[in-house]
Amino acid sequence: IGERTAEAIKIEIGSAYPLDRPLTMEIKGRNLIEGVPKTITVDDSEVRESLSECVATIMNAIRVALERTPPELSADISDRGIVLTGGGAMLEGMPEIAEQIFDLPVRRGSPEGVGGLADHVNNPAFATSVGLVMYAHRNLQLEPARVGAGAIGRITGRLRTLFKEFF
């Protein structure tokens, strides 16, 4: 199968934690040995197994971040829990497995207060990026960029207009 099909499988029946109801999906690809098209059925447990190394890597990164967190922030994490962001947070069961591993409340983060862009960026994949842009807009006193001629100048001008309109 190709990358696009693998991504579709992950989104459709992939999970980091066992599902309440088993899922299956028919996959069309090419038999590598015979070189002919073939259709097979995969279930969520097979996909979960293939994703397990990636999930373990993410959980290890969270563990390292928690170990490096200053004590004053650790207290906040104990009270408020862990917020998962990024595309990996959208994998079914990620909060559940993280709660089991870290014994802390875990939730998916989503951008808030985005205005007219909410339809496009309202999922965990954009939470960190949107948060950083909103933080910069609210807290940093940046000098306006000089918009020059040419394509770069037009792009910069459009971005500035976009941010003024939505933030």
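**View 1. The side chain of N31 sits 2.8 Å, through a polar atom, from the backbone nitrogen of I33.** That pair is a polar contact, meaning N or O atoms within 3.5 Å, where within protein one must be able to donate a hydrogen and the other to accept it, and residues adjacent in sequence count only if both atoms are side-chain atoms. The N31 side chain also reaches the backbone nitrogen of E34, this time at 3.0 Å. You'll find N31 in the loop between β1 (24–30) and β2 (37–43). Helices (H or I, at least four residues) and strands (E, at least two) are DSSP runs, numbered from the N terminus. Is N31 buried or exposed? N31 counts as buried because its relative accessibility is 16%; the cut-offs are under 20% relative accessible area for buried, over 50% for exposed, and partly exposed in between (1.4 Å probe, protein chains only). Skip the neighbours within four places in sequence, and N31 is in contact (heavy atoms within 4.5 Å) with V36 and K38.

**A quick note on what you're looking at.** This is a predicted model, in which local features need pLDDT of at least 70 and side-chain atom pairs count only at pLDDT 80 or more, while totals for chains, interfaces and linings use all residues. Residues are numbered from 1 along each chain as its sequence is written, and side-chain values use heavy atoms, with hydrogens and water left out.

**View 2. The whole protein chain has 7 helices and 4 strands.** Follow the sequence along and the pattern reads α-β-β-α-α-β-α-β-α-α-α. Of the 167 residues in the protein chain, 23% are buried. Look at contacts between residues at least 6 apart in sequence, and 48% of them join residues at least 24 apart.

**View 3. E46 has its place in helix α2.** Its side chain has a polar atom 2.8 Å from the backbone nitrogen of D43. E46 is partly exposed, because its relative accessible area is 43%. How far apart in space are E46 and I13? Going C-alpha to C-alpha, they are 9.7 Å apart, although 33 residues separate them in sequence.

**View 4. Helix α2 (residues 44–68) and helix α4 (residues 94–102) cross at roughly 50°, with axes that come within 11 Å.** That angle makes α2 oblique to α4: under 35 degrees counts as roughly parallel, over 145 as roughly antiparallel, 65 to 115 as roughly perpendicular and the rest as oblique. The axes here are lines fitted to C-alpha atoms, for helices over the stretch in contact, and angles run from 0 to 180 degrees between N-to-C directions. The crossing is right-handed, so the near helix is turned clockwise from the far one by less than a right angle. Who makes the contact? On α2 it's V55, I58, M59, I62, R63 and L66, and on α4 it's M94, I97, A98, I101 and F102.

**View 5. F102 belongs to helix α4, and D103 lies in the loop between α4 and β4 (106–108).** F102 counts as buried, because its relative accessibility is 12%. D103, on the other hand, is exposed, with a relative accessible area of 70%. Phi of D103 is near 55°, a positive value in a residue other than glycine. Leaving out neighbours within four places in sequence, F102 is in contact with M59, I62, R63, L66 and I82. F102 and G81 are 21 residues apart in sequence, and their C-alpha atoms are 9.7 Å apart in space.
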